[in-house]
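User: I am new to this structure and would like to learn how to read it. Please show it to me first, and then we can go through its features one at a time.

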Amino acid sequence: MTNRLSTLISAFGVLTSTLLLAFAVREYRSGASALWIGGGAVLFLGALYALVRDVRRLRPAPTT
């Protein structure tokens, strides 16, 4: 149960970081610093890594 909850939280994190990255791109096009895109990309990749890690935990262990 806790693994499913963690995966759900990670999915919302990816959604939030995607919105932040879109905001960063819009700000950069308006003349803001390129650090906005760098920060947004770092947050997005970190959230995506957490989601992939949590999804892998949900998969059943291989049987031999």
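User: Which residues of α1 are buried?

Analyst: Buried means under 20% relative accessible area, exposed means over 50%, and partly exposed lies in between (1.4 Å probe, protein chains only). In α1 the buried residues are T7, S10, V14, S17 and A24. They pack against α2, where contact means heavy atoms within 4.5 Å. This is a predicted model, in which local features need pLDDT of at least 70 and side-chain atom pairs count only at pLDDT 80 or more, while totals for chains, interfaces and linings use all residues. Residues are numbered from 1 along each chain as its sequence is written, and side-chain values use heavy atoms, with hydrogens and water left out.

User: How many helices and strands does the protein have?

Analyst: Helices (H or I, at least four residues) and strands (E, at least two) are DSSP runs, numbered from the N terminus. The protein has two helices and zero strands. With 28 residues, α1 reaches 41 Å from its first C-alpha to its last, close to the expected 40 Å at 1.5 Å a residue. That expected span is 1.5 Å times one less than the number of residues in the helix. Just after α1, G31 has a positive phi of about 115°.

User: What radius of gyration does the protein have?

Analyst: The radius of gyration is taken over C-alpha atoms, and the globule rule is 2.2 Å times the number of residues to the power 0.38. For a compact globule of 64 residues the value would be near 11 Å, but the protein has 15 Å. Its C-alpha trace spans about 55 × 20 × 10 Å along the principal axes. Of the 64 residues, 16% count as buried.

User: How many aromatic pairs are found in the whole structure?

Analyst: A pair of aromatic rings is described by the distance of the centres and the angle of the planes. Rings of Phe, Tyr and Trp (its six-membered ring) pair if their centres lie within 6.5 Å; planes under 30 degrees apart count as stacked, over 60 as edge-to-face and the rest as tilted. A search of the whole structure finds one such pair. The ring centres of F23 and W36 are 5.6 Å apart and the planes stand at 80°, so the pair is edge-to-face. F23 lies in α1 (residues 2-29) and W36 in α2 (residues 35-58), so the pair ties together parts that are 13 residues apart in sequence. F23 is partly exposed at 31% relative accessible area, and W36 is also partly exposed, at 40%.

User: Which residues do the salt bridges join into one network?

Analyst: A salt bridge is a side-chain nitrogen of Lys or Arg within 4 Å of a carboxyl oxygen of Asp or Glu. The structure holds two. One is between D54 and R53, at 3.8 Å from N to O. The other is between R57 and D54, at 3.6 Å from N to O. R57 and D54 are three residues apart in helix α2, so about one helical turn separates them. Salt bridges that share partners join R53, D54 and R57 into one network.

User: Is D54 buried or exposed?

Analyst: D54 counts as buried because its relative accessibility is 1%. R53 is partly exposed at 35%, and R57 is partly exposed at 48%.
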